[in-house]
Amino acid sequence: MVAELSAGLTEVGVVAREVVGGRVAGVDRLRGGSKKGVYRVRFVDGPGVIVYRWADEEDFWPEATGSGVFAHASGAGLFLAARGVLAEVGVRVPRLLAAEGDLAVVEDVSGGTLESLFAADPARARVVVGDLARHLGLMRAHRSPGYGRVGQAVVTEPSCAEVVLERALGDLDEAARRDGRVERAYAGLRELLIELRGRVVPRAEFGLVHGELGPDHVLVDGDGRAVLIDIEGLMFFDVEWEHVFLRLRFGAFYEGLATAGLDPVRSDFYDLAMRMSLVAGPLRLLDGKFPEREFMVKVVENNLRAALERLAS
């Protein structure tokens, strides 16, 4: 893989130079990407750019899992479709400079991540969270009579709740094979998931959701605006799915994103289903060569503890 990534670095630098026209001073692979390579290309004179590279050796997931709306979200096609819809809705994403094959060149947003701002400047972070809330409002208002990935056909059956249940039961099976604590709690967790799903009533409209919107997937531009990244999973779905994840990832800052009108029954079910996803997914990722292993272990432990507490309550 080292040789493959070295070849990727050369390719990234060449494409960036062709787009910008300057002399490349260096190429750095940024941390965090598990499905694509994210590179910062620095130039001798002038601002740098970010290059996304989708390739097998950049994808740390050991196998493609899921189907339909929860299929493995990776690829230039999904990225371009998602950014087109978000730009149309009025949501800020990095400016696209060029796209060629499995590479895309975008602006290097200067202000770092919202996650880093939480600790460095909480007051300024709350202003950015307010701007993010505005983006989420625009996305929620962009409705569809069916659900599905942006750029693909939407469907109405089975229901979103049934799709989430199928995924959650699959995550439970997979986690039980890898962790003895899940295996011992298997029957109770399965019964609880099915019970919670049974309380959810049908719905006829769906909002636009990012699908994995943590504060590390929000950049801050020079004007203090929120900029969404890692958008390949953009889809029409129950907005409660998005807000469950937001509540988990934003902690005390979620207060600035909370919105009226969410279905508490749906949210309750999706919370446990999300916990199972955040146990099984990282365990699967740890089977491969993902470098940030300590972080993924913490994700597993935190979400497994929360799931077991739900079962005990």
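Colleague: How do the residues of the lining of the second largest pocket divide into nonpolar, polar and charged?

Modeller: In this predicted model, the second largest pocket has a volume of about 160 Å³. Its lining holds 13 residues, and those closest to the centre are Ser159, Cys160, Val201, Pro202 and Arg203. By class, the lining divides into 6 nonpolar, 2 polar and 5 charged residues.

Colleague: How far apart in sequence are the parts that the pair of lysine 36 and aspartate 230 ties together?

Modeller: The side chains of these residues, lysine 36 and aspartate 230, form a salt bridge with an N to O distance of 2.7 Å. Lysine 36 belongs to the loop between β1 and β2, whereas aspartate 230 belongs to the loop between β9 and β10, so the pair joins parts of the chain whose separation in sequence is 194 residues.

Colleague: Is lysine 36 buried or exposed?

Modeller: The cut-off for buried is a relative accessible area under 20%. Aspartate 230, the partner of lysine 36 in the salt bridge, has 27% and is partly exposed. Lysine 36 has 6% relative accessibility, and therefore counts as buried.

Colleague: By about how much of a helix are aspartate 131 and arginine 134 separated?

Modeller: Aspartate 131 and arginine 134 form a salt bridge, with 3.0 Å between the closest N and O atoms. Aspartate 131 is buried at 13% relative accessible area, while arginine 134 is partly exposed at 39%. Both lie in helix α4 and are 3 residues apart, so their separation is about one helical turn.

Colleague: Which helices hold glutamate 162 and arginine 197?

Modeller: In the salt bridge between glutamate 162 and arginine 197, the closest N and O atoms are 2.9 Å apart. The pair links distant parts of the chain, 35 residues apart: glutamate 162 is in helix α5 and arginine 197 is in helix α6.

Colleague: Which relative accessible area does arginine 197 have?

Modeller: Its partner in the salt bridge, glutamate 162, is partly exposed at 31%. Arginine 197 falls in the buried class, with a relative accessible area of 18%.

Colleague: How many salt bridges does the structure hold?

Modeller: Some salt bridges are linked in a network, which involves Asp171, Glu174, Arg178, Arg284 and Asp287. The number of salt bridges in the structure is 27.

Colleague: What is the distance between the end C-alpha atoms of helix α7?

Modeller: Helix α7 runs over residues 239-250, which makes 12 residues.

Colleague: Which residue just after α7 takes a positive phi?

Modeller: Just after it, a positive phi of about 55 degrees belongs to glycine 251.

Colleague: With which residues is serine 267 in contact, leaving aside its neighbours within four places in sequence?

Modeller: Serine 267 is part of helix α8. With a relative accessible area of 10%, serine 267 is buried. Apart from those neighbours, the residues in contact with serine 267 are Glu240, Val244 and Leu262.

Terms used: Residues are numbered from 1 along each chain as its sequence is written. This is a predicted model: local features need pLDDT of at least 70, side-chain atom pairs count only at pLDDT 80 or more; totals for chains, interfaces and linings use all residues. Side-chain values use heavy atoms; hydrogens and water are left out. On a 1 Å grid over the protein atoms alone, a cavity is a set of points where a 1.4 Å probe fits but cannot get out, and a pocket is an open set with protein on both sides within 12 Å along at least five of seven lines; lining residues have an atom within 4 Å of a point. Grid points are joined across faces, edges and corners, and a volume is the space filled by probe spheres set on the points. Ala, Val, Leu, Ile, Met, Phe, Trp, Tyr, Cys and Pro count as nonpolar, Asp, Glu, Lys and Arg as charged, and the others, Gly among them, as polar. A salt bridge is a side-chain nitrogen of Lys or Arg within 4 Å of a carboxyl oxygen of Asp or Glu. Helices (H or I, at least four residues) and strands (E, at least two) are DSSP runs, numbered from the N terminus. Buried means under 20% relative accessible area, exposed over 50%, partly exposed in between (1.4 Å probe, protein chains only). The expected span of a helix is 1.5 Å times one less than its number of residues. Contact means heavy atoms within 4.5 Å.
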